[in-house]
2 protein chains.
Amino acid sequence: MKELVFVGLGLNDEKGVSVGGLEEIKTAENVFMEQYTSLMPDFSLQRFEALCGKHVRLVSRCELEEENGKSILEAAEKGKTVFLVPGDPFIATTHVTLRIDAEKNGLKTRIVHGASIISAIVSLSGLHNYKFGKSVTVPFPANFSATPYDVITQNKKTGLHTLCLLDLNAAEKKFLSISEAVTLLLEVEKKKSQGAVTQDTPTVGVARAGSKSPILKADFVKDIVDFNFGEPPYSLIFPGKMHFMEIEALIAFAGAPSQFRRLAR
Amino acid sequence: MKELVFVGLGLNDEKGVSVGGLEEIKTAENVFMEQYTSLMPDFSLQRFEALCGKHVRLVSRCELEEENGKSILEAAEKGKTVFLVPGDPFIATTHVTLRIDAEKNGLKTRIVHGASIISAIVSLSGLHNYKFGKSVTVPFPANFSATPYDVITQNKKTGLHTLCLLDLNAAEKKFLSISEAVTLLLEVEKKKSQGAVTQDTPTVGVARAGSKSPILKADFVKDIVDFNFGEPPYSLIFPGKMHFMEIEALIAFAGAPSQFRRLAR
């Protein structure tokens with residue numbers, strides 16, 4: 001059957017894929033995978049191939065973005081093809097074009113969803129999902145702009161939390177750290193003085209969301225920079241207005257100092 | 001080992017759970033499950049018990065909310081206990097209290113994430129995740145207020161998309177339909193006249209996100225009310241400013257009319 005099935009690998013390691021996703025792989029004629037849009041810290045391709053009993057062909061960013069995934073589309077013209085993507089397949093916007101091209105070529109496409117880093121970070125924090133506004137990526141210093149600061153400011157105006165993913169280059173093993181990100185945001189504060197990120201702003205740092213040993217630490221900006229989060233990847237939450245139950249969650253799950261109780265609104 | 005592991009069941013059926021989540025169940029001494037915070041349309045408890053080889057004890061809303069999950073906490077005091085929750089375990093805020101109570105009682109807690117309806121709907125639509133603002137639930141007429149309309153209005157002011165989950169009562173098999181939700185929002189428009197939801201507003205209806213046969217239809221409000229979405233559950237997206245690639249995605253994946261191309265910003 002000619003079809004292209006996008007299967008989410010979920011989080012962290014080769015066991016993040018769903019039982020249904022694994023079945024799709026086992027019945028596919030061709031299996032492709034990319035591992036550059038997101039980092040799965042404990043993923044082993046060798047163990048994954050043993051789990052699914054298939055050869056998995058890694059595709060590069062170049063093959064997908066410059067050659068428009070031609071090899072994947074050609075394989076799908078011949079028989080059932082699975083394309084494996086970390087997390088949930090379209091949370092990174094990269095592969096939407098490939099799906100549009102497939103549909104335009106008359107190929108049937110389907111999605112088998114996986115756990116996404118976005119919902120994992122929210123889940124871990126205990127903060128309420130419906131109180132998150134727009135999310136944003138904090139880029140490396142070379143590409144930095146005021147955008148993340150502006151997003152946090154805008155969300156805070158309406159009491160909303162902001163999820164910040166910190167930039168990473170999985171191929172070069174470079175990761176923006178939590179203290180680097182906070183320092184970049186404090187520099188924008190100096191210029192814009194909107195009060196969105198000051199030394200006394202409460203924040204939640206998260207390392208390795210979705211792994212077996214995620215680290216969460218809630219603290220004020222001036223103290224979070226000294227906390228040792230261990231290995232990447234990293235993210236940050238800037239809470240807006242917090243319900244007292246959200247604060248109790250941050251105390252229980254993220255070691256927030258008891259002064260956080262004064263922040264309840 | 002005394003611990004409480006929250007395992008996300010992911011979406012739709014008994015194969016939505018991750019391979020790692022299934023292993024946690026197989027090695028647990030006690031397995032509990034709730035199925036009232038979200039609907040998994042094709043889930044069979046019997047097939048699930050066959051898959052994991054364990055007896056699964058269903059817990060009611062009353063046991064969790066009025067008795068604070070006492071039975072689960074008592075089981076976890078004796079040995080490894082898994083609590084199964086549809087989707088990603090804490091995207092519904094219901095179980096945060098149980099986790100706080102467990103941690104306060106000195107129990108170790110862990111989360112094995114699952115695919116969430118939130119990221120599934122975004123993924124299916126092809127709209128860009130980082131352009132979504134605050135999400136909202138549209139309640140049944142008896143509990144309806146202007147809040148969903150206000151959230152859509154607020155998001156549109158800054159060009160953001162709004163994800164609306166439509167209310168459901170899984171136990172009573174009652175589901176707010178897409179045309180009912182749109183009609184309720186149009187009534188608020190009559191009073192508030194902010195232009196957020198008019199007959200000419202573009203919208204995307206989604207039925208059974210995460211299932212094998214999700215239905216998506218993008219259209220203007222005046223036309224979407226006549227579309228047959230089939231079986232529940234339902235959700236709606238009200239797009240803010242759309243990039244032309246997002247519009248191409250809605251045309252390819254959700255049958256948007258070509259007039260949508262004029263909406264590109």
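This is a predicted model: local features need pLDDT of at least 70, side-chain atom pairs count only at pLDDT 80 or more; totals for chains, interfaces and linings use all residues.
View 1. Leaving aside residues up to four places away in sequence, A:Asn12 touches A:Met40, A:Pro41, A:Asp42, A:Phe43, A:Gly210, A:Ser211 and A:Lys212. You'll find A:Asn12 in the loop between S1 and H1 of chain A. With a relative accessibility of 6%, A:Asn12 counts as buried.

**View 2. Strand S1 of chain A and its two parallel partners.** S1(A) covers residues 3-8, and six of its six residues are buried. A:Glu3, A:Val5 and A:Val7 point one way, while A:Leu4, A:Phe6 and A:Gly8 point the other. S1(A) pairs with S5(A), residues 108-112, over five bridges in the parallel sense; here A:Phe6 has A:Ile111 as its bridge partner. S1(A) also pairs with S4(A), residues 81-85, again parallel and over five bridges, and there A:Leu4 stands opposite A:Thr81.

**View 3. The open sheet of chain B.** Five strands line up in the order S3-S2-S4-S1-S5, with parallel pairing. S3 (57-58) and S5 (108-112) of chain B sit at the edges with a single partner strand each, so one side of each has no neighbour in the sheet. S5(B) is joined by five bridges to S1(B), residues 3-8, and the two run parallel. Look for B:Phe6 opposite B:Ile111 in S5(B).

**View 4. Where chain A meets chain B.** The contact draws 49 residues from chain A and 49 residues from chain B. Between them the chains bury about 4000 Å², with 64% of that on carbon and sulfur atoms. Across this interface there are 18 residue pairs in polar contact, both residues at pLDDT 80 or more. On the chain A side, the elements that give two or more residues are H1 (19-26), H5 (96-104), H6 (117-125) and H10 (244-254). That side of chain A divides into 22 nonpolar, 18 polar and nine charged residues.

**View 5. The salt bridges between the chains.** Two salt bridges cross the interface of chain A and chain B. In one, B:Glu23 pairs with A:Lys15, the closest N and O atoms being 3.0 Å apart. B:Lys15 and A:Glu23 meet in a salt bridge too, at 3.0 Å from N to O. B:Lys15 lies in the loop between S1 and H1 of chain B, and A:Glu23 in helix H1 of chain A, so this pair joins two chains. B:Lys15 is partly exposed at 29% relative accessible area, and A:Glu23 is partly exposed at 35%.

View 6. Just after the helix, A:Gly126 takes a positive phi of about 80°. Then comes A:Lys131, whose side chain meets A:Glu246 in a salt bridge (2.4 Å, N to O).

**View 7. B:Arg47 and B:Glu14, a salt bridge within chain B.** Their side chains meet at 2.4 Å, N to O. B:Arg47 sits in helix H2 (residues 45-52) and B:Glu14 in the loop between S1 and H1, 33 residues apart. B:Arg47 is partly exposed at 45% relative accessibility, whereas B:Glu14 is buried at 8%.

Key: Residues are numbered from 1 along each chain as its sequence is written. Chains are lettered from A and ligands numbered from 1 in the order in which they are written. Side-chain values use heavy atoms; hydrogens and water are left out. Buried means under 20% relative accessible area, exposed over 50%, partly exposed in between (1.4 Å probe, protein chains only). Helices (H or I, at least four residues) and strands (E, at least two) are DSSP runs, numbered from the N terminus. Two strands pair if DSSP finds at least two bridges between them. Contact means heavy atoms within 4.5 Å. Buried area is the accessible area (1.4 Å probe) that two parts lose on being put together, summed over both. A salt bridge is a side-chain nitrogen of Lys or Arg within 4 Å of a carboxyl oxygen of Asp or Glu. A polar contact is a pair of N or O atoms within 3.5 Å; within protein, one must be able to donate a hydrogen and the other to accept it, and residues adjacent in sequence count only if both atoms are side-chain atoms. Ala, Val, Leu, Ile, Met, Phe, Trp, Tyr, Cys and Pro count as nonpolar, Asp, Glu, Lys and Arg as charged, and the others, Gly among them, as polar.
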